[in-house]
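Thank you for making time this morning.

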Amino acid sequence: MMGLELRRVGALSRLSNLSDIDFEDLCRDIAQAETGLRFSAFGPGPDAGIDGRHAKDSKKTILQSKHYIGSTFSQLEAAVVKEAKKLPKLEPDRYLLFTSQSLTPARSGKLAAALVEYLKDPGDIWGQEDIEASLRRYPAIEKGHLKLWLSSAAVLERILHSGLEAYTQATKQEILDELKVYVRNESFDEASKKLEEQKILVISGPPGVGKTTLAKMLSYYYLNDGWQFCAIKSLDEGFAQIEDNTPTIFFFDDFLGRIQLDRQSLLQRESALATFVRRVRASKNARFVLTTRAHIFEEARQLSDYVDDKRFQLAKYLLDVGSYTRKIKSYILFNHLAASSLTRDHFSALLEGDWLKKIIDHKNYNPRVIASASSDSLDDVVPEHYPAYLFKALQDPDLIWSKPFRALDMKTQNLLISIFFGSEVGETIDDARKNFLELHRAISAHYGQPTTPTDFEDALKSLESGFLAISGSHVSFVNPSLRDFLRSFLSDKDFLILLPKTAQRADWARSLWQHVRETFKTHPEVLQQFAAAFFEYSNRIDATPSMKRKISGGYSSLSQDDLSLTARVRLLLQWWEASGHDIFIENALAILKAGKLDPIPWRDGQSYPELHWWVSNFVDEEHPVRADLLDAISTRLIESIEGGAPVDDLLNIIQSVREHMDDEVPPEVDDAIDRMARYEFFDTSDAISHLDSEQSLSEHLEHLDSLAELTGYDTTHAKEIVFNQLAKYEEPDHHEYRPSFSQHEKRSSEEFGDAAVASLFGNLVK
C-alpha cells in the first residue's frame, strides 16, 4: 500500500497537498482518461496491492499508486519491490504504477526492473512530471480535484482578495490547512447542482457537520471560474454589491442564527430576504449561498410564513452527518489525524482494540469534534490515553474546551466571556477592549482579584491561536465549538447577574439578555431580576451610534454599527415587560423623542408599525406615557416614509403599516403614504432618475404593480415612462455564466468494513 508523507505546500509539488486517498482518486481519473478504460475503486482493505482495477473478459489491468512525495527514492523502490512480490497472485495482464515522486530515467529504469515480468510498457510507470503533463492535457481532471488547483499561489491570492477570507479572517496557510483535511463527497456535487439550477441554496444541518466548509468550497469553485465573491453579514451589504453584469456569488453564513427568533426580528428580515432572493433570481450572473442550523430554520418557518422555502423558492440542502457513509467518516478522521502534529504512538494506540470502530460508528460523530480532538494543542494527552480522549470527546463535546478553559486565569476567561456576548462573526479589537474592560473590572472586584492596565493586551496575546483568531484589527473565536461550549457553560445565575451593569454597547446587552432569556425561560422571577439589573445601562443605551461612516477607495459609505433605534426601543420594552419598572418604558420614549440616533431606513421604517401595535396591545391605556409613546412612534414612522426611502423600502413600510396598524393608522401616516405614492406615480421621471440599468428598471415595474395594489393608484402613466426609459437599453451582450462542474466519479458506497478501516489507518504508522 501507499506510504504517508504529508508536507507543507511550498517548494514541493502541489501533489503534496493531496492525502493518500486524494492521490489514489487522481491516479484513477488520469488512468481512465489516458487508457480509455474504466477503473473500479477499492477500499484500502487487506494489502492486496490494488488501488484500481479494470477487468474485461479474462483480461485484467491493475493500477497501483504510491504517494511518496516526501520520502526518499530508496523508500519508494523498496515499496515497489514489496508490491512486485504480490503480483504473481494477482496475475495482471497489465500493471500501471503511479508515484508522486519525481523520476529520472535511471530511477524509472530501476522501478521497471523490479516489475519486469508484469510491465508491458516502460511508459506504464508514471512519475510526478508525467502526472502534471496529463493534467495539462485533461484540465477537467484538475478542475475535479479541488486540492490541486486551490493550492496554487495564484488561486490563493484570488481568494484572499475576493472578500471570502477577509470575512473569515483566514490566512493563506489556514486555507491550505482546511483544504488538507477536506473530504469531497456526494454533498459537494449535489449542492453544486442545486445551486446552478435554483441560483439560491440554503445549506442546513446540525451544528458542526460542515455547512460553512461546504459553502466555502462551493465558493472556491466559482472563484476558480472567474466569479467575484461577496461574503455578507447582512442583506444590506448584498443589495449594495449585486450587479447584473458581474458574475458574483454571495455567501451569508448562519443567516437565521444571527437574529433573535421572535416575530419582530423575523419581520425585519423577511421582506429584505424576499427582495434579495428575487434580485438574484432575476440576474443571470448571481448565485446566493446561505447556511443555517436546521433547528433554527424550522423554528423560523413556524414563526413566520415568509421564512418558507416554497414562498421564497429557496433550494434547501440538508447537510446531515447521518448521510455520511462509514467510508467518508473514516476519511474525515484520517485526514485530520494525518494533518495533525500527533505522533505515531498516538496513531498506534488508536489501532489497538476496537477504538477506531467505536469512534467512527459513534452516534455523536461530528466533524467539528473530530477537528478539535485532533488539533495540535494536545501536548498533555499521552498516546495511550488518546483513543479514550477522542471517544470521550464524542460522548461529551464540552470535553474539548472545558479543561483548557478552566485552566485559564481570570482575565483570559473574562475576555472570552465578553467576546461571547459580542458579534457571532467576531468584532474589532477596539470594541472587544471596551466590552472587556468594564466586565473584567466588575468581576475581578466581586471576587477580590486585582487588575492591571495591561490585562486586555496580556489576555489577548495568551488566547491567540489556541482560543482566538486575530487578523488585522479583527478578533473572533478560533472554532465555533468554543462558542457552543460557552453557551452551555454560562448558566450560573449569580455570575451572570454581575454582567448587565457592565454593558457598553446595545448589541452586547441584547446578546446577554437573549442568553439569559433562553437559559432561564421557565423562571420568570429570575428574568425579572435580570431585567431590573439593566436599569443602569438603560440610561445610556443611546450612547453608541447606530451608523458609522466608512471611507474606502475614495468613496464614503454608511453601514450599521450598533443596534437600530427600533431595536433599542424593543429591548427597553422587553425589560419593562419582564421587570415592571417604568424607567425602561420612559427611556424608550426618551430616545424616540431625542433624535440622537441616526435612523437606519431599511430597518427602522418597517419596524415602527409593529412597535405601535405592541404598545397599543400591551401597554395599559391608563399608563401615563402610552399616548406620548404612540405619538413618538408615529412621528418617527412619518419621517421614515417621507425621508426618501427607495420604493422597495416604501413597499415594506406600507405592508407593515397595513399588517400591524390596520384600523388604527393615524391620518397623518396615511397622508404621508399617499404623498409618497403620488410621487412614484405622477413624478415618475424624477423617481426613476437614479436607475441606470435594465435590471433596476424592470424591478421598478414590479414595484409599481405592488404599490398600486396597496394604494389603489393606476399604473398606466408611470409604467409608460419606465418603458420609454427601458427602450434606451439594448439587449445586453452576455450569456449566462456557468461554472463547468466536473463529472468527478463518486466514491463507491459499498460497505467499508473493519479491515478496510484498519488498513487505511495503518498508513499513519508506516
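Predicted model: local features only at pLDDT ≥ 70, side-chain atom pairs only at ≥ 80, totals over all residues.

Residues are numbered from 1 along each chain as its sequence is written, and side-chain values use heavy atoms, with hydrogens and water left out.

The protein has 41 helices and 15 strands, where helices (H or I, at least four residues) and strands (E, at least two) are DSSP runs numbered from the N terminus. Of its 766 residues, 55% are buried; by buried I mean under 20% relative accessible area, by exposed over 50%, and by partly exposed anything in between, with a 1.4 Å probe and protein chains only. A contact means heavy atoms within 4.5 Å, and among contacts with a separation of 6 or more, 75% are between residues 24 or more positions apart.

Let me turn to the cores. In soluble globular proteins, nonpolar side chains tend to be buried together. A nonpolar core here is a set of buried Ala, Val, Leu, Ile, Met, Phe, Trp, Tyr and Cys residues joined through side-chain atoms within 4.5 Å. The largest one has 132 residues, and those with the most contacts inside it are Leu333, Leu468, Leu499, Trp575 and Phe761. Helix 31, residues 565-579, gives this core its largest share, eight residues. A second, separate core has 29 residues, including Leu146, Leu150, Leu201 and Tyr220.

Now to the helices. Helix 21, residues 386-395, is largely enclosed by the rest of the structure, because seven of its 10 residues are buried. Those residues are Tyr386, Pro387, Tyr389, Leu390, Phe391, Ala393 and Leu394, and they pack against helix 17 (326-339), helix 18 (344-351), helix 19 (355-360), helix 20 (367-373) and helix 22 (399-406). In helix 26, residues 480-489, the buried residues are Ser481, Leu482, Arg483, Phe485 and Leu486; what covers them includes helix 20, helix 22, helix 23 (410-420) and strand 13 (474-477).

How do helix 11 and helix 12 cross? Their axes come within 10 Å and cross at roughly 65°, helix 12 being residues 211-224; axes are lines fitted to C-alpha atoms, for helices over the stretch in contact, and angles run from 0 to 180 degrees between N-to-C directions. On the helix 11 side the contact is made by Ser187, Phe188, Ala191, Ser192, Leu195 and Glu196, and on the helix 12 side by Leu214, Met217, Leu218, Tyr221 and Tyr222.

Lys199 counts as buried, at 13% relative accessibility. Glu91 also has a positive phi, of about 50°, although it is not a glycine; it lies in the loop between helix 3 (87-90) and strand 4 (94-99), and at 58% relative accessibility it counts as exposed.

Three further residues deserve a look. Ser616, in helix 34 (608-618), is buried with a relative accessible area of 16%. Leaving aside neighbours within four places in sequence, Ser616 is in contact with Arg626, Leu630 and Glu664.

Phe73, in helix 2 (73-84), is buried at 10% relative accessibility, and its C-alpha is 7.9 Å from that of Arg107, a residue 34 places away in sequence.

Val669, in helix 37 (667-682), is buried at 0% relative accessibility. Its C-alpha is separated by 5.8 Å from that of Ile638, 31 residues away along the chain, and, with neighbours within four places set aside, Val669 is in contact with Ser634, Leu637, Ile638 and Ile641.
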